[in-house]
Amino acid sequence: MSLFMSVSEYFKQLFSWYSGTPVIQLRLAGEKRKHYEGRVEVFYNGEWGTVCDDDFSFSAAQVVCRELGFIDAESWSPSAKYGKGEGRIWLDNVHCSGGEKSLAQCESNGFGVSDCKHSEDVGVVCTQKRIPGFKFIRTQGNGEEGVNVQVEDVRIRATYSQRKRIPITEGFLEVKDGGKWRQICNRDWTEMNSRVICGMYGFPGEKRFNTRPYKLLATRRKKNYWGFSVNCTGNEADLSDCKLGHEIELKGNSTCQEGMPVVISCIPGRAFAPSVSTGFRKAYRIEQPLVRLRGGAMIGEGRVEVLKNGEWGTVCDDNWNIRAATVVCRELGFGSAKEALTGARMGQGIGPVHMNEVECSGFEKSLTECYFNRDALGCSHEEDAAVKCNVPAMGFHNRLRLSGGRNPYEGRVEVLAERNGSLVWGTVCSESWGTMEAMVVCKQLGLGFASHAFQETWYWQGDSSADNVVMSGVRCSGTELTLDQCLHHGKHIDCPKGGGRFAAGVSCTQTAPDLVLSSQVVEQTSYLEDRPMYALQCAQEERCLSSSADKADSTSYRRLFRFSSQIHNNGQSDFRPRAGHQSWIWHECHRHFHSMEVFTHYDLLSLNGTKVAEGHKASFCLEDTHCDEGIQKRYECANFGAQGITVGCWDTYRHDIDCQWIDITDVLPGDYIFQVVINPNYEVAESDYTNNIMKCRCRYDGHRIWTYNCHIGENRNTQVLSSSSHLL
C-alpha cells in the first residue's frame with residue numbers, strides 16, 4: 001500500500017478485497033429534466049461507462065437509487081431516453097432482487113461484457129427524498145470528469161439577527177452527510193457555486209456581503225467541516241448536479257485555517273423581497289415582461305409563453321431541458337428550475353408557437369436570448385413546454401389552515417391573526433366569498449386550484465376555539481400570493497352573519513379546466529339578422545333582448561348581431577357546472593334546463609370602452625360537440641344527461657340558436673369593440689382566467705357588420721394595439 005493512500009481509500013480497498021464485490025461509483029447523467037433522474041453511469045476501473053437496458057427491471061432501478069442516497073425509485077427508462085452515453089458499456093443483462101447494497105452485487109454478464117449499443121443505455125427516475133443519515137462512499141472517480149456532489153441535505157443557516165427575516169437570504173452554508181451538518185471551507189469556493197445554491201433556494205442570483213461579522217462568528221463557533229470542495233459551473237439547477245472537488249484534509253478546528261466556512265448571500269425576486277424594499281419597488285417602473293407563466297397551480301410554475309411582435313405565444317418542447325427551464329425561472333425572479341415539463345403538462349396555450357428546439361447556455365438574462373431553430377415547423381400546442389421553479393420558503397402555509405374537512409384538500413378556512421397582542425386562529429367571513437378568494441387559499445397552502453368556494457360550512461366541524469371571525473370583506477383578484485394580500489377590512493371586522501356555520505370554506509384540486517373561445521369561428525360566422533318580435537318570445541322571457549324590446553310591438557323587428565361560439569377546454573380536467581342536476585333551473589318556454597344561469601357575456605363597446613349593447617348566454621346544454629382525435633366524448637345533454645366539456649373537446653353554440661346574439665336595434669352605425677367573456681362570474685374554477693375574454697374590432701354601417709382583428713385575452717400586447725386604434 002502506498003504511504004500516501006488516504007485512510008478512507010485504504011478501507012475502501014480493504015472492503016473490496018474481503019467482500020469480493022468490485023467498488024463502483026454511480027451517477028445520473030445526460031439530458032435531464034430533474035436533478036434526481038438521468039442516464040445511469042458507472043465508474044469502474046478508472047473509467048466511466050453506462051448500463052444496457054437488456055433485462056433491467058424496477059428492482060435494479062431501486063438498487064441504483066438507494067446506492068445514490070435516494071429513498072426509492074419511481075421508474076426506469078430504456079432506449080437512451082436521457083441521450084446516448086460514451087465509453088464502455090460496463091453492465092448488461094443486470095438482474096437484481098432489489099435488496100442489494102450496490103449494483104455491482106447484482107447478477108450480470110460481468111463488467112465490460114456486453115453486446116449492446118449506447119442507444120440501449122438505461123435511465124432511472126428516483127424519489128426526491130434522501131435516505132436519512134446516508135453516508136456516501138466515494139471512490140477515485142473524482143478525476144477530470146468527476147462525480148456529482150452527493151449529500152443528504154443542504155441549508156442556509158442564518159445568524160441570530162437574520163433568522164426572523166422572511167425569506168432567509170443569507171447565512172452559513174451547511175451540508176448534511178452521514179446524518180451530521182457540516183460547513184464547507186471557502187478556500188476554493190466560487191461565485192458560480194453561490195449562484196447554484198441561491199437558485200436551489202428560490203433566488204435568481206447571488207450578491208456580495210459584509211464578511212466581518214461572519215469571520216467573528218466563525219472564530220467563536222466550533223467547526224465541523226465537510227471533507228470536499230465543490231466545483232459548479234453556475235448553470236446547474238441543483239448542488240447535486242455540481243462536481244465533487246478535491247478531498248480536504250480534516251484536522252478538527254485546524255481545518256481550513258487560511259479560510260472560513262462558506263457564507264451565502266442571495267438576491268430575492270421582486271415578489272419575495274422583504275417589505276423594506278417597498279420604496280424601491282415603487283420607484284422603478286416595471287418593464288414589459290417578455291416571458292410569462294400561465295396555467296400553473298402553484299407559485300413559480302406554469303406553461304412558458306413569450307412575447308414576440310406584440311403577440312404572446314408558446315414554446316415547443318423539442319430539446320426542452322432543465323437548463324432552459326432555469327433561465328426562465330431566474331428571469332421571472334424565481335430560483336433554478338425543479339423540473340422542465342413537456343407535452344403540455346400545464347395545459348395547451350393559444351396563438352403561435354414562437355420558439356422550437358431551444359438551446360440555452362444557462363447564463364442568459366432571458367429565454368429570448370437563447371438560440372432556437374427559426375425554421376423548425378410542425379409543433380402543435382400538445383407540445384407546449386412548461387416549468388416548475390424553486391421558490392423561497394416564505395412560510396405562507398403556516399398562517400392559514402383548513403379545518404374539519406374529510407381530506408387535507410377541503411375544510412373551513414382558518415387564519416392566524418393578531419388579537420390583543422397575541423396570535424390566535426379564527427375564521428373568515430363568507431360574505432362575498434367566491435372562487436377567486438378560494439383560489440388564493442389553495443395556492444397559499446400549496447394545494448393547487450380551488451374546485452369550490454363555500455359560504456356555509458356547518459357540516460365541517462372546525463376547531464371550536466377558532467370560531468370567532470378574524471377576517472372580513474375579503475376581495476381577491478386571484479394574483480395574490482396570500483389571503484392577507486387581498487383587500488379586506490383589516491382589524492375592523494364587519495360580518496353580520498357571523499362565523500360558525502357561515503364561515504368561509506374551500507375545496508382544492510391539483511388540476512383544473514381552462515376554457516378558450518375560438519376567435520376564428522367568431523370572425524367567420526358573424527352576421528346581421530332582422531327578426532320579428534313574435535318569433536322572439538322565449539328570448540324575451542330569458543332577457544336576451546335590449547330593454548327597448550319591452551315596449552316593442554309584436555310585429556316590429558329586432559336587429560340581431562349573430563355569431564357562433566366554439567369553446568375549447570384546453571386545461572387538465574373536465575369543465576363541469578358547479579350546480580348539480582337537482583339545482584338546475586327549468587325554462588318552460590325553451591323547454592330545457594339551465595346548468596349555469598350565466599355562462600357567457602356578450603358586449604358591444606364604444607372605442608373608449610363604454611357599453612352600448614349587451615347579451616348573455618345561459619348554459620342550457622354544456623356538451624362535447626366535437627373532440628380532438630383519440631378523445632372520447634363524455635358529455636351529452638340528451639335525456640337529461642351529464643353536462644360538461646371534456647379536456648381536448650369543445651362545445652359549439654351555433655349562430656342560429658336563441659340568445660346567441662347581441663340585440664343592436666338601438667345602436668348607431670360606427671366602429672365598436674365586440675367582447676365575449678366566458679364564465680364571467682368565475683362560477684367554475686379554471687387554471688387561467690386571462691384567456692376567457694375575446695375582443696374584436698367591429699364596424700357597423702347600418703346595414704352590414706364586419707368583425708375583424710379578433711384576439712383572446714392578453715394574447716396581444718395591449719400597447720401595440722392601443723397605439724394604433726385605442727382598442728383596449
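A salt bridge is counted here when a side-chain nitrogen of Lys or Arg lies within 4 Å of a carboxyl oxygen of Asp or Glu. The model is predicted, so local features need pLDDT of at least 70 and side-chain atom pairs count only at pLDDT 80 or more, while totals for chains, interfaces and linings use all residues. Side-chain values use heavy atoms, with hydrogens and water left out, and residues are numbered from 1 along each chain as its sequence is written.

By this rule the structure has 28 salt bridges. One of them joins Glu-174 to Arg-155, with the closest N and O atoms 2.7 Å apart. Glu-174 belongs to strand S8 (residues 170-177) and Arg-155 to strand S7 (residues 153-157), so the pair ties together parts 19 residues apart in sequence. Strands (E, at least two residues) are DSSP runs numbered from the N terminus. Glu-174 is buried, at 2% relative accessible area, whereas Arg-155 is partly exposed at 27%. Buried means under 20% relative accessible area, exposed over 50%, and partly exposed in between (1.4 Å probe, protein chains only).

A salt bridge also connects Arg-559 and Asp-530, at 2.9 Å from N to O. This pair links distant parts of the chain, 29 residues apart: Arg-559 is in strand S28 (residues 557-562) and Asp-530 in strand S27 (residues 527-532). Asp-530 is partly exposed, with 41% relative accessibility.

Asp-701 and Arg-704 form a salt bridge with an N to O distance of 3.7 Å. Here Asp-701 is partly exposed at 30%, and Arg-704 is exposed at 51%.

Salt bridges can also be joined into a network, as with Arg-292, Arg-303, Glu-305 and Asp-688.

Notes: Helices (H or I, at least four residues) and strands (E, at least two) are DSSP runs, numbered from the N terminus.
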